[in-house]
Amino acid sequence: MTKLLNLSRRRFLGTSAAATGALIASPHIARAADYPEGNINVYVPTAEGGGADRNFRAFSSVWKTKLGTDFEPGFYPGASGRVGYEIYMGKAEPDCYNLIFGNMGPEVLNWAMQKPSFDVNDYFYFGQVDKDPCCLFVGAESPLQTMDDIIAAAKTRKLNVGTSRMAHPASIGLLALGDKLGIDFNLIPLQGGKGTVAGAVTGEVDFSVLTSGSVIAAGDSVKTLLVFGKNIVGEALDNAPDINDAYGMDLPEMLSARAFGIHKKAADDYPDRFEKLTSTFKATFDDPALMEAYIASKGQPEYLIYAGVEECAAFKQSMLELGERYKSLLSGA
């Protein structure tokens, strides 16, 4: 009996030692099963209270019910989003407990205009929340009420055009149009969407370019004349045509596309954790509560569109390429 007990004890200790060795060799195995064990920190590279904040809170209010934890945002505005990304890449632990919620359009264009301190391939976006095409619009009382009016006026003087920031898909859309028509425009950054709308409404600028969600929210105070992508909302954007259809161009859609991103190292080191993030993110789109929350946050329902890792990677790359292509025009605008 004693021999059997000793044998069983030796087998138990041997099995325990082997298991312990396996855990030491692969420390992520034990930790992945219980993920998440705490809240997820989300770095937002814009100011609290803006469109990104509303968008984040609407989506995370439903996502947290799938993932089983809360999301804690931190806001790091400055330098057109650059500050937030630098802090995230430089200080946040790559452990799947730290994410960034950014705009794949203008914020990625930043890297083409000026390289960041980190390798842009060291992070990637894994989940798009929405996409919002950019557009060209005038104030309701503007003397320029059609694209023909704008083109005719641009042949007599250089028109001033409001934009929320220089490195923005809307800016590229306008510069590409000017390149096509042989017209130079004077782009003027007006510090955010509200300022860009106000510039057109008050006549501070001749017209403005911006993401269309902000233009729709401005209501009857503005009139949309051209969309730098597909107009999937029709009358909400005054039935304005697509730039490619109107002028025989082949410009990729100029979009604002908000998405969650993560360190590449986090996804590589913790594949089980990352899989749980991506699967619950996608499942959130199947919950009717998401659309309710999105509309309540003043989102345009047609713009709530899921995209995963591959689609986000393709969009990020297209923004980097467009930034390089139009860098000289933006620098000299």
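Predicted model: local features only at pLDDT ≥ 70, side-chain atom pairs only at ≥ 80, totals over all residues.

User: What makes Lys264 and Asp268 sit about one helical turn apart?

Analyst: Lys264 and Asp268 are four residues apart in helix α11 (residues 264-269), which means that about one helical turn separates them. An α-helix has 3.6 residues a turn, so residues three or four places apart point the same way.

User: Why is the pairing of Lys264 and Asp268 called a salt bridge?

Analyst: The N to O distance between the side chains of Lys264 and Asp268 is 2.7 Å, and a salt bridge requires a side-chain nitrogen of Lys or Arg within 4 Å of a carboxyl oxygen of Asp or Glu, so the pair qualifies. By this rule the count comes to eight salt bridges.

User: Are Lys264 and Asp268 buried, exposed or partly exposed, and how do you know?

Analyst: Lys264 has a relative accessibility of 39% and Asp268 one of 48%. The partly exposed class lies between the limits of under 20% for buried and over 50% for exposed, so Lys264 counts as partly exposed, and Asp268 therefore does as well.

User: What makes the salt bridge of Arg157 and Asp206 a link between distant parts of the chain?

Analyst: The side chains of Arg157 and Asp206 meet at 2.8 Å, N to O. The two residues are 49 residues apart, with Arg157 in the loop between α6 (147-154) and β5 (159-163) and Asp206 in the loop between α8 (192-202) and β7 (207-211).

User: How do you know that the buried residues of α4 line one face of the helix?

Analyst: The buried residues of helix α4 (residues 82-91) are Arg82, Gly84, Tyr85, Tyr88 and Met89. Seen down the axis of α4, these buried residues fall within an arc of 165°, so they line one face of the helix. They pack against β1 (40-44), β3 (98-103), α5 (106-113), β4 (123-139) and β9 (255-263), and on the other side of α4, Gly90 and Lys91 are exposed.

User: Why is Ser256 called buried, and what does its side chain meet?

Analyst: Ser256, which lies in strand β9, has a relative accessibility of 4%, which is under 20% and therefore counts as buried. Its side chain is joined to that of Asn103 by a polar contact of 2.7 Å, a distance within the 3.5 Å cut-off. Leaving aside neighbours within four places in sequence, Ser256 is in contact with residues including Asp130, Cys134 and Thr211.

User: Gln300 lies in a loop, so why does Gln300 count as buried?

Analyst: The relative accessibility of Gln300 is 18%, which is under the limit of 20%, so Gln300 counts as buried. Gln300 lies between α13 (288-296) and α14 (309-332), touches Ile216, Val233, Ala236 and Tyr294, not counting residues up to four places away in sequence, and makes a side-chain polar contact of 3.0 Å with Glu302.

User: And what makes Ala217 exposed?

Analyst: Ala217, in helix α9 (residues 212-217), has a relative accessible area of 67%, which is over 50%, so Ala217 is exposed. Ala217 and Gln300 are 83 residues apart in sequence and 9.0 Å apart in space, C-alpha to C-alpha.

Definitions and conventions
Residues numbered from 1 in each chain as written. Heavy atoms only, no water. Buried < 20%, exposed > 50% of the residue type's maximum accessible area, 1.4 Å probe, protein only. Polar contact = N/O pair within 3.5 Å; in protein donor to acceptor, adjacent residues only side chain to side chain. Contact = heavy atoms within 4.5 Å. Arc of directions from axis to C-beta.
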